[in-house]
Structures are given as structure tokens and as C-alpha cells.
Amino acid sequence: MRYVSTRGAAPPCRFEDVLLAGLAPDGGLYVPESWPRLGAQEIRAFASLSYAEIAHRVIAPFVAPSPGAEALAALLADSYGGFDHAAVAPLIQLDRNDWLLELFHGPTLAFKDYALQALGRLLDDALRRRGDRATIVVATSGDTGSAAIEACRGREAIDIFVLHPEGRVSETQRRQMTTVDASNVHNIALRGSFDDCQDLVKALFADAAFREETRLGGVNSINWARIVAQTVYYVAAAAALGAPDRPVAFAVPTGNFGNIYAGYVAMRIGVPIAQLILATNRNDILARFLDSREMAIEAVVPTISPSMDIQIASNFERLLFDLLDRSGDAVRARMEAFRASGRMAVAEIEGAALDTVFAAGRRSDAETMDVIAETFARSAVTLDPHTAIGLDVGRALRRDPALPLVALATAHPAKFPDAVSAAIGRPPAVPHRLAGLAGRAERCDVLDRDAAALKSHIRARLRGDGAG
């Protein structure tokens, strides 16, 4: 398997190089040169396999030739062996054709664990074989940071720096990051929005000298390994509900387009996904794009679903690459114009290329609270705000009511206790992984939006020979 950049100016490379690099040197995102395919009989067989076994079958074609098949199987079994549910990603039935896919049974209680537990081990394995080390820099709108820290904490060959927007993540999300006591973990609260955090990370990657000096790597969803690992739960859920003989619709709360793009990948490799329903809050740049074919940046508005408080959806570039017939030149021109003007029109793209698969809707905070309250009253199921938006938008936009609708439950409700308590009149149950979190000491530095200051901060804290 070889990978190419969405901007067309980077040489093709193998998975391990993509894993360690994150972002392509031309500023683009890596995608497979061609798509592997799952056969119908293979998908049918997934219904009787464990989650780790399905992960191995799905991921193996994307990572060949290393690690080898046995090593990859062992790595994935270890990745999911510590999850709190035997099924790892269980399906919970709400109504006759409405399902929740619970993606909060990992160590940090959010869907990011499903990719990052595997990615951390893949990184460790690659660095060990190369005798190398890496500096990981992560921008987070809430859940990626703690999941990345949990995947990388204590690993001798990795130093990790996590940027979150100061005051714009929930207290539980912040404490899951800042209370980790590990010498290779560094938390930074940035005075700004998530998009500012993401822009700084991209600026670091764009500095070739700094990138080489610090052996910079990324585990945000710009890293292809994140996408392919997230693809697994779409495949597993569809197989459990009758694929390939029964198509499925998925409803996905998303801000950075990475999670729903993983569903698109599942579709490209052969899973019969009839519809991908994108759900967002007031920061609705993706929904507006699907409505108008124009992407236009607006100010980020804080909401009770902070992980979607995003206006620049990095992973959309991967879909754009396919929509523009895999022309790196066309993607590069569009993305450069978008960064310069804050607007991008793609009216000439055939409507069917998007409309056949994707639909999108948005919900306000008040509507989100109503969904949480109504779901709890009707089914005694407690939703976090992101999941509530996904479920409600999915129900409204599903084209065929006979299709199973799978709404991705992306976080445990206990991560957003204030919003959930206000909606249902009682605090959500606190899982054991959050017990005692409030009493632990926090470690975090506060920085301004300044790339030079961030570089100095990183250089001063690298361990060993990590700075050259």
C-alpha cells in the first residue's frame, strides 16, 4: 500500500512513513493511492469475530508490509484488551430501527480512544524498530487530547505536547489531560479557539527545520492511522446489523470531518453504507457547505458541545481530493484560496457526488438539551450533548425509515455533567475512570497564539536527544 498527498507535490510513501510524518511535506494530507476492497463473504464473517479481529482484517491492507500480520494482530488485541465492555463498541437498540453505537468504553471515555490506543502502539513499534524518537504535537477541542495522552504517556521514545483552547473545553475534559503525571506529557492552554490551536500545529509542521530538529509527528485526525482505525467501528456495526446484505445509515456528530470521513472510507472499501448524516452545532460550516456548495469561515461560537466548536474542518480536504478527481493541483489551489479568503466555492462539483451519500443538519444548545431530556424520559438512556445532536439530526434526515440508523455515541455523558444535569435534572453516573479526578493536581502552561513562543516552549521541555 502506497500513500499520496492530497496536494500532489509529495512523493508517494508507505504507511510507516505516513504514520510518523502525519502531515505531508507539501502541506497536504495522506490518502491511499488506491482503495482495498472487502468481499461480501468477508464482511458477513465479521459478525462472528471480536472487535480486535475485525480491526486486524480491516487495517492490515492499509499498513502492509510492516508490522507483520502476527505483530499487528497482537498489537490490536492489546489495544482493545483494556476496554470496559466485552464488545468494545456495543450497539444499543433505542427503537425498532434506531441504534446507538457506544464509543466511550475506552480509557478516556470517548471515541478517540478507538483510534489512539492503536496509533500509540503503532508509533511505539515503529520508533523501536528504527531506534528513533518522536515529538508529538496535538491540537484538541476536548477529547483528542486526553486520548492521545493516554496512548502516549510513559512511552520512552515519545514526548507529547497537547494544545487546548483555554476555557473552551469542559472541566472534565481539561482535568483528564492536565492531571496526568508523566514526564513526557505537556499540556498547553492556548488563549484562543480550537482553530487557533490547529493553525499553530500546522505552522509547526510547515517549518521544515523545526520539524526535522524535533522529529515532529502528529496524532490528530490529519494522521491517516487515526482514520483507518476509526473505520473499524463502522465496519463492525454494519456487519452486526446484516451487512453486506442490509445497508445501514450512520449519524455522526462531527466538527473536524475526521469521524464521518472514516465512514466514507468504510463505504469505499465495500461496506454498504446508504447514508452518512453529518450533525453539527451552531458552528455549522460543514452543514452550510452541503447546503450551498460554499465553505465560508465564521467566528467560533462556544456551545455545550465543545468538541464541535470548529470552523476549519481539516479532514474535508481528503474528501475534496476525491471530489476533484484526485487532482492535487486542484486541491492545492482551492485550499490556498480558502486560507487566504476564508471562502471556497465548489459549485461545479456534481451534486450527486455529495448528495447521494451525505446529508447534514444542525441543532442549537436549547434543541440539544431537549433531545437529552426526551431521550432520558422515553428510554432511560443518558446522552452527552454531541451524541444527542447526532441522534436527532439522524432521525430527521434518514431518507428510508426501513434502514437501520446507527447514531455514534461519541462520549460518555459524565464528561459533560453540567449540560446533562441541566437537561435531566440529575447528574450522570460517574464511571470508575473519572473517580477522584477533581481532587488531582493539574499541570498546564498558558500560552498566547504565537508560533515562535510555542517552538521555544517545546524545545525547552524535550527529553533526551529529542531536540536533535
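This is a predicted model: local features need pLDDT of at least 70, side-chain atom pairs count only at pLDDT 80 or more; totals for chains, interfaces and linings use all residues.
Trainee: Where does Thr303 lie, and which residues is it in contact with?

Mentor: Thr303 sits in the loop between strand 12 (294-296) and helix 13 (316-323); helices (H or I, at least four residues) and strands (E, at least two) are DSSP runs, numbered from the N terminus. Leaving aside neighbours within four places in sequence, Thr303 is in contact (heavy atoms within 4.5 Å) with Asn281, Arg282, Asn283, Asp309 and Asp365. The C-alpha atoms of Thr303 and Val169 are separated by 9.7 Å, although these residues are 134 places apart along the chain.

Trainee: What is the strand order in the sheet of six strands?

Mentor: Strands of a sheet pair through backbone hydrogen bonds, either parallel or antiparallel. Here the open sheet of six strands has the order 4-5-15-10-11-14, with mixed pairing, where two strands pair if DSSP finds at least two bridges between them. Strand 4 (91-95) and strand 14 (358-362) stand at the edges with a single partner strand each, so one side of each is left without a neighbour in the sheet. Strand 4 and strand 5 run antiparallel, joined by four bridges, and a hairpin connects them through two residues. Strand 5 in turn pairs with strand 15 in the parallel sense over five bridges, with Asp98 standing opposite Leu405.

Trainee: How many residues of strand 5 are buried?

Mentor: Five of its five residues are buried, so strand 5 is largely enclosed by the rest of the structure. Both of its faces are covered, with Asp98, Leu100 and Glu102 on one side and Trp99 and Leu101 on the other. Helix 17 (residues 385-397) lies across strand 5 (98-102) and other strands, among them strand 4 and strand 15.

Trainee: Which residues touch the most other members of the largest nonpolar core?

Mentor: In soluble globular proteins, nonpolar side chains tend to be buried together. A nonpolar core is a set of buried Ala, Val, Leu, Ile, Met, Phe, Trp, Tyr and Cys residues joined through side-chain atoms within 4.5 Å. The largest one here has 116 residues, of which Trp224, Phe250, Phe257, Tyr261, Phe316 and Phe358 touch the most other members. Helix 10 (residues 224-240) gives the most to this core, with 13 residues. Apart from it lies another core, of 22 residues, including Val137 and Phe161. Beyond four places in sequence, the residues that Trp224 touches include Tyr3, Phe15, Trp35 and Arg318.

Trainee: Which residues of helix 8 meet helix 19?

Mentor: Leu200, Ala203 and Leu204 in helix 8 meet Ala451, Leu454, Lys455 and Ile458 in helix 19.

Methods. Residues are numbered from 1 along each chain as its sequence is written. Side-chain values use heavy atoms; hydrogens and water are left out. Buried means under 20% relative accessible area, exposed over 50%, partly exposed in between (1.4 Å probe, protein chains only). Axes are lines fitted to C-alpha atoms, for helices over the stretch in contact, and angles run from 0 to 180 degrees between N-to-C directions.
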